[in-house]
Amino acid sequence: MLMTMKTPSINSSSIWFAPSSSTSTLKSVQSAKTNTNNGNASPRSVSAEIDKQALARNLLAAALPVHPDSDDLSVGRTKIQLGEARAALGDWKRAHHLWNEALDIQHERLGSTHTLVADTLSRRAVARSKMGMFHEAIMDLEKALQIQQSLAEKKTNAKDLRLSILTILSELGSIQQKNNHLVEANRNFEAALLIANDVYGEKSREKIADIHCLIGKLYHQRRWYYEANDSFRQAVGLYKASRISKSDKRLQRAEHYLARGNRTAVSRSVWDC
């Protein structure tokens, strides 16, 4: 996961308007579930997993009542919320179905170029990627990216849109990398890094380091070992400058790569920054 975000509260409007946060939350839930199932989780992470599943069930309970006279967009918000809860519980097929229905409503009421449409396309792309529908996921993210970039060009203060573009570029690059579309992934990661440097600056160095880590993984996959080493060296420096804990796995993995050298064959787990 590229960026660590706050777990959303049980509030339909926050889930409706904050796709990058909710997407990160869904990934953290899935990661915790995997560790629990593999027997690798600490008591603390198991507790966090239980809390997150409880949150997901609360979201379901809160979203279920829909008044018959509710307007279409209210129904759409409910479907987004239900999709979030289903995804948090690992039911990606049902989440995908709900987000499809929400998109139908959004297209009808808001048009095809609204920022909320881009948000829902990004959600659906995550579900499609989880379901192995990589080509469709890439298409969703490319549409979302086009919408947000077009809107950002028309605004003088578009920080929120730029953060959304950053998240889309990172997710798009990750899916492209998994499918060996390395040139395209490289381009999107580099574009994400430019935005991160401009938006975050010195206040969130660890988030910039996360992207250097992604780029380092990609460079190694392309056998650009010198460039990969340089990316990880920058990541380590930024992690340390941000004063994250020495036990942080992202820092440890970046340092481990550097210690193993430029051309060392590294196991896949090392790259999960």
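Buried means under 20% relative accessible area, exposed means over 50%, and partly exposed is whatever falls in between. Keep that handy for the close-ups below, which all come from a predicted model.

View 1. At 33% relative accessibility, W224 lands in the partly exposed class.

**View 2. F232 and Y257, a pair between two helices.** Here the ring centres of F232 and Y257 are 4.6 Å apart and the planes make 40 degrees, so this pair is tilted too. F232 belongs to helix 11 (residues 225–241) and Y257 to helix 12 (residues 249–260), so the pair ties together parts that are 25 residues apart in sequence. F232 is buried, at a relative accessible area of 0%. Y257 is buried as well, with 0%.

**View 3. Helix 5 against helix 6.** The axes of helix 5 (residues 92–110) and helix 6 (residues 115–130) come within 9 Å and cross at roughly 160 degrees. Anything over 145 degrees counts as roughly antiparallel, so that is what helix 5 is to helix 6. As for handedness, the crossing of helix 5 and helix 6 is left-handed.

**View 4. Who touches whom between helix 5 and helix 6.** On the helix 5 side, the contact residues include W92, W99, L103 and L110. Helix 6 answers with residues including L116, L121, R124 and K130. Sorted by class, this contact has ten nonpolar, five polar and four charged residues.

Methods:
Residues numbered from 1 in each chain as written. Predicted model: local features only at pLDDT ≥ 70, side-chain atom pairs only at ≥ 80, totals over all residues. Heavy atoms only, no water. Axes fitted to C-alpha atoms, helices over the stretch in contact; angles between N-to-C directions. Helix = DSSP H or I, 4+ residues; strand = E, 2+ residues; numbered from the N terminus. Parallel < 35°, antiparallel > 145°, perpendicular 65-115°, else oblique. Left-handed = near helix turned anticlockwise from the far one by under 90°. Contact = heavy atoms within 4.5 Å. Nonpolar A, V, L, I, M, F, W, Y, C, P; charged D, E, K, R; others polar. Buried < 20%, exposed > 50% of the residue type's maximum accessible area, 1.4 Å probe, protein only. Phe/Tyr/Trp six-rings, centres within 6.5 Å; stacked < 30°, edge-to-face > 60°.
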